[in-house]
Each structure stands twice: as C-alpha cells, then as structure tokens.
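Here are my notes on this model. Please read them with the structure open beside you.

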Amino acid sequence: MPTINNLTPEQCEMLDFMWNELDTEQEYLDWYDALDEGQQRMADCLQRMVILETLDEEMLQKSNEDFTEANALIDKIKAL
C-alpha cells in the first residue's frame, strides 16, 4: 500500500474513506458528486497522489529488478 506523508487530518480522513469504504467506481462517482467543489479538489489531489506514489513504488521495484546493468553503470559513474 502506498505511503503518503504530511497530510492534514482532514485529508487522512478523506483518503481513509476513499480507500476503505468505496468498493466500485460507481460508489466513488456517487460519493464524489455529493462533495462540494473544495472537497472534490481535495479528492482529486488525493487520488493523484495515490496514483503517483503507486507508480513510484512500482518503478523503484522495477528498477531494482530489471535495470541491474544500468544501476551498476550508475554506481560506477557515482564512484568517479
């Protein structure tokens, strides 16, 4: 599960709700439509943060697995 730091209590509460209570896209859309404009912006931001953090974790895992040769070359360059 992605980790996002430095969220406000309100953001944590919303993200927990999004993560734990909404099981389908339709549930998310119904919930989202019921939010006011400011809450929708916060939900959009949190959703993007989760996506970006997930992608970062996947890329880190892939880089450790799939780019062994490239990482070795980078280590050699760093040592110069």
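1. E37 is exposed, because its relative accessible area of 56% is over the 50% cut-off. Keep in mind that this is a predicted model. R41 also counts as exposed, at 52% relative accessibility.

2. What does E37 form with R41? The two form a salt bridge. Their closest N and O atoms are 3.0 Å apart. Side chains of opposite charge can pair when their charged atoms come close. E37 and R41 are four residues apart in helix α3, so about one helical turn separates them. The structure holds one salt bridge.

3. Stay with helix α3, which spans residues 37-66. L55 lies in this helix. L55 is partly exposed, with a relative accessible area of 43%. K78 comes 23 residues away from L55 along the chain. The C-alpha atoms of L55 and K78 are separated by 25 Å.

4. Now look at the packing of two other helices. Two packed helices are described by the angle between their axes and the distance between the axes. Helix α1 covers residues 9-21, and helix α2 covers residues 25-34. They pack at an angle of about 150 degrees, with their axes 10 Å apart. Angles over 145 degrees count as roughly antiparallel, so α1 is roughly antiparallel to α2.

5. Which residues make the contact between α1 and α2? From α1 come M14, F17, M18 and E21. From α2 come E27, Y28 and W31. By class, this contact has five nonpolar residues, two charged ones and no polar ones.

6. Next come the aromatic rings. The count comes to three aromatic pairs. One of them joins F17 and W31, with ring centres 5.6 Å apart. Their planes lie at 35 degrees, so the pair is tilted. This pair links distant parts of the chain, with F17 in helix α1 and W31 in helix α2, 14 residues apart. F17 is partly exposed at 34% relative accessible area, whereas W31 is buried at 16%.

7. Is the pair of Y28 and Y32 stacked or tilted? The ring planes are at 25 degrees, so the pair is stacked. The ring centres are 5.9 Å apart. Y28 and Y32 are four residues apart in helix α2, so about one helical turn separates them. Y28 is buried, with a relative accessible area of 15%. Y32 is buried too, with 16%.

8. Ring pairs link F17, Y28, W31 and Y32 into a cluster.

How values were computed. Residues are numbered from 1 along each chain as its sequence is written. This is a predicted model: local features need pLDDT of at least 70, side-chain atom pairs count only at pLDDT 80 or more; totals for chains, interfaces and linings use all residues. Side-chain values use heavy atoms; hydrogens and water are left out. Helices (H or I, at least four residues) and strands (E, at least two) are DSSP runs, numbered from the N terminus. Buried means under 20% relative accessible area, exposed over 50%, partly exposed in between (1.4 Å probe, protein chains only). Axes are lines fitted to C-alpha atoms, for helices over the stretch in contact, and angles run from 0 to 180 degrees between N-to-C directions. Angles under 35 degrees count as roughly parallel, over 145 as roughly antiparallel, 65 to 115 as roughly perpendicular and the rest as oblique. Contact means heavy atoms within 4.5 Å. Ala, Val, Leu, Ile, Met, Phe, Trp, Tyr, Cys and Pro count as nonpolar, Asp, Glu, Lys and Arg as charged, and the others, Gly among them, as polar. A salt bridge is a side-chain nitrogen of Lys or Arg within 4 Å of a carboxyl oxygen of Asp or Glu. Rings of Phe, Tyr and Trp (its six-membered ring) pair if their centres lie within 6.5 Å; planes under 30 degrees apart count as stacked, over 60 as edge-to-face and the rest as tilted.
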